[in-house]
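Here are my notes on the model, as promised. Please have the structure open beside you while you read them.

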Amino acid sequence: MNVIGSRPDGWWRDLDAAVVRLARELAAWQAAGGDDVTVVFDGRPPPALAGLDLGPLVVAFAGRGRAADDEIVRRVGIDPDPGSVRVVTSDRPLAERVRAAGAGEVVGAGRFRRLLDAAP
């Protein structure tokens, strides 16, 4: 959600569309760069996400509230090589939690948004 919120493009008027848009952007970025990407959202999957070909992009939904934060920390903690994991967030408490779980890098949402926007 930090990445979606990093650009004031009216995403708040249609959150489902913003989630689908970001998933598509991440899938294209992954295809161009070859990095494994997992995105974790709060809430439920938007209906428009069903049936989309997002390649190997992993899209997870963790429920309401700050459940996505907990799921991200959990995934870092169970990764066989957490030092290779890059977490994108501008949430300071989440950044501290994933670093404590062994994440190798934390990147701010604005910086990552610029990388996505610069991708072919």
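1. Helix 3 and helix 4 run roughly parallel to each other, because an angle under 35 degrees falls in that class, while over 145 is roughly antiparallel, 65 to 115 roughly perpendicular and the rest oblique. Their axes come within 9 Å and cross at roughly 20°, with helix 4 covering residues 92–100. Axes here are lines fitted to C-alpha atoms, for helices over the stretch in contact, and angles run from 0 to 180 degrees between N-to-C directions. The helices (H or I, at least four residues) and strands (E, at least two) are DSSP runs, numbered from the N terminus. Helix 3 passes helix 4 in a right-handed crossing; a crossing has that hand if the near helix is turned clockwise from the far one by less than a right angle, and is left-handed if anticlockwise.

2. Before going further, a word on provenance: this is a predicted model, in which local features need pLDDT of at least 70 and side-chain atom pairs count only at pLDDT 80 or more, whereas totals for chains, interfaces and linings use all residues. Residues are numbered from 1 along each chain as its sequence is written, and side-chain values use heavy atoms, with hydrogens and water left out.

3. Which residues make the contact of helix 3 with helix 4? From helix 3 come Asp69, Asp70, Ile72, Val73 and Val76, and from helix 4 come Leu94, Arg97 and Val98. By class, this contact has five nonpolar, no polar and three charged residues. The classes are nonpolar (Ala, Val, Leu, Ile, Met, Phe, Trp, Tyr, Cys and Pro), charged (Asp, Glu, Lys and Arg) and polar (the others, Gly among them). Contact means heavy atoms within 4.5 Å.

4. Asp69 deserves a look of its own. Asp69 lies in helix 3, residues 67–78, and counts as buried at 12% relative accessibility. The cut-offs are under 20% relative accessible area for buried and over 50% for exposed, with partly exposed in between (1.4 Å probe, protein chains only). Leaving aside neighbours within four places in sequence, Asp69 is in contact with Asp91, Leu94 and Arg97.

5. Now for helix 2 and helix 5. The axes of helix 2 and helix 5 (residues 109–118) come within 10 Å and cross at roughly 65°, so the two helices are roughly perpendicular to each other. Helix 2 passes helix 5 in a left-handed crossing. On the helix 2 side, Leu22, Glu25, Leu26 and Trp29 meet Phe112, Arg113, Leu115 and Leu116 of helix 5. Sorted by class, the contact of helix 2 with helix 5 holds six nonpolar, no polar and two charged residues.

6. How many aromatic pairs are there? The count comes to three, where rings of Phe, Tyr and Trp (its six-membered ring) pair if their centres lie within 6.5 Å, and planes under 30 degrees apart count as stacked, over 60 as edge-to-face and the rest as tilted. One of them joins Trp11 and Trp12: this pair is edge-to-face, 5.8 Å centre to centre with 80° between the planes. Trp11 is partly exposed, at 22% relative accessibility. Another pair has the ring centres of Trp29 and Phe112 5.1 Å apart and their planes at 75°, so the pair is edge-to-face. With Trp29 in helix 2 and Phe112 in helix 5, this pair ties together parts that are 83 residues apart in sequence. Both Trp29 and Phe112 are buried.

7. Glu25 lies in helix 2 and is partly exposed, with a relative accessible area of 25%. The contacts of Glu25, leaving aside neighbours within four places in sequence, are with Arg7, Arg113 and Leu116. Glu25 and Leu116 are 91 residues apart along the chain, yet their C-alpha atoms are separated by 7.1 Å.

8. Finally, consider Asp16 and Arg44. Asp16 is found in helix 2 and is partly exposed at 26%. Beyond the neighbours within four places in sequence, Asp16 is in contact with Arg44, Pro46 and Pro47. Arg44 sits in the loop between strand 1 (38–41) and strand 2 (58–61). With the neighbours within four places in sequence again left aside, Arg44 is in contact with Asp16 and Phe61.
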